[in-house]
Amino acid sequence: MVPNSLMILNPSFPDLWPVPSTPYEAEALAFCQAWQRGKATFVLQTSGSTGTPKSIILTRSQMQASAQLTANTLGLRAGDKALVCLNIRYVAGIMMLVRGLEIGMEMTIVEPSGNPLTAFDPADTHFEFMAVVPLQLQSILENTPEKVPILSGMKAILVGGAATSPALEQALQVINAPVFSTYGMTETVSHIALRRLNGPGRSDAFRALDGVVLGTDERGCLTILAAATNFELIQTNDVVELLDTDNPQRFRLLGRADTVINSGGVKVQPEQVEQIVQQTLAQQLAPQSVPRLFIAGIPDERLGQKVVLVIEQKTIPESQFETVRMAVGKALGAYAAPKQMLVVNAFAETPTGKIDRNTTMAQIR
């Protein structure tokens, strides 16, 4: 069984492209037709997960360079089948279309949903390539485990848009195909580095794709230079640890400079705390029972800011919260340990499904 509303485009046979049946399909088809006509520039919106959404102009040559680099890295070839299930109004989805068009992959385009494989039958479904956000992959594994053979039959699966939790990383070990976490942004035309999440090549470090030049500024934030950036230096706010002294190609992502919490004069990187919290909860709960969460700082008369754990929908017992506090304190120091637990009904989200921390915290306050 396949979804009622999907569109299959084969770049080798544009004369056979179907008539779109939904506005979303019409939008995807319009982009593909513009690309085939040789359109030179495209305007894309950033997701707004780390600031106000803005428009960015990308050139055809930048997008082609990114697509070819992905093809070379993952071994994608003409004739391969790709599932396009990310929102094509943003760079991750639009680049799936560009990869299909440039490489010559047959594209099955479905409107974004929580579980993009729900209506596909494992007995007669085969794709070589797909890109998803962590929540989509989590939904597939938790709610439709019978779809795992579809995942395992692929050449590669990309997971991006948000960090993958330790619980999800453990759950996806059942997938035989290589699964990669991506690092990138609209300004870098999608990913410029990958981190293997499963199998013997599993790693906690990202590796830059060929030709990508990495560096850091005085804050320890990553800088990027590549063909996909039009050979312009991109300055990020992502604090990293470069792992190679000469010609660095590997890095660990520590967090964002603009999310640092100053608690009692001690700088706390919330993303590092989140990782420990998720790992600790995953050891105590079933992986699917670990709630969505993030770490934030709220005003405090004594500390300036105090670290709090923000959880979606359900609370955790006080004993588990205390275990979490002890684990964080042991690893990162007492100031990093959450001092309070806040529970909200639902996190605010960006259009691409990322947690909007600022809006969520504003609603709490």
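Is phenylalanine 42 buried or exposed?

1. The model is a predicted one. In this model, phenylalanine 42 has a relative accessibility of 5% and counts as buried, because the cut-off for buried is under 20% relative accessible area. Phenylalanine 31 is also buried, at 10% relative accessible area.

2. The search of the whole structure gives 8 aromatic pairs. One of them joins phenylalanine 31 and phenylalanine 42, whose ring centres are 5.0 Å apart with 50° between the planes, a tilted arrangement. Phenylalanine 31 belongs to helix α1 (residues 23–36) and phenylalanine 42 to strand β2 (residues 41–45), so that the pair links parts of the chain 11 residues apart. Together with Trp35, Phe31 and Phe42 make up one aromatic cluster.

3. The largest nonpolar core has 55 residues, and the members touching the most others are Phe31, Met63, Leu97, Ile109 and Phe129. The greatest contribution to this core, 8 residues, comes from helix α3 (residues 91–103). A separate second core holds 23 residues, among them Val132 and Leu141.

4. Methionine 63 touches Phe31, Trp35 and Phe42, and its other contacts include Leu58, Ile94 and Val189.

5. Helix α2 (residues 60–74) packs against α3 with axes 9 Å apart and an angle of about 75°. The two helices are therefore roughly perpendicular. Residues making the contact include Met63 and Ala67 of α2, and Ile94 and Val98 of α3. By type, the contact residues of α2 and α3 comprise 7 nonpolar, 3 polar and 3 charged.

Technical notes. Residues are numbered from 1 along each chain as its sequence is written. This is a predicted model: local features need pLDDT of at least 70, side-chain atom pairs count only at pLDDT 80 or more; totals for chains, interfaces and linings use all residues. Side-chain values use heavy atoms; hydrogens and water are left out. A nonpolar core is a set of buried Ala, Val, Leu, Ile, Met, Phe, Trp, Tyr and Cys residues joined through side-chain atoms within 4.5 Å. Buried means under 20% relative accessible area, exposed over 50%, partly exposed in between (1.4 Å probe, protein chains only). Helices (H or I, at least four residues) and strands (E, at least two) are DSSP runs, numbered from the N terminus. Contact means heavy atoms within 4.5 Å. Axes are lines fitted to C-alpha atoms, for helices over the stretch in contact, and angles run from 0 to 180 degrees between N-to-C directions. Angles under 35 degrees count as roughly parallel, over 145 as roughly antiparallel, 65 to 115 as roughly perpendicular and the rest as oblique. Ala, Val, Leu, Ile, Met, Phe, Trp, Tyr, Cys and Pro count as nonpolar, Asp, Glu, Lys and Arg as charged, and the others, Gly among them, as polar. Rings of Phe, Tyr and Trp (its six-membered ring) pair if their centres lie within 6.5 Å; planes under 30 degrees apart count as stacked, over 60 as edge-to-face and the rest as tilted. Lists of a residue's contacts leave out its neighbours within four places in sequence.
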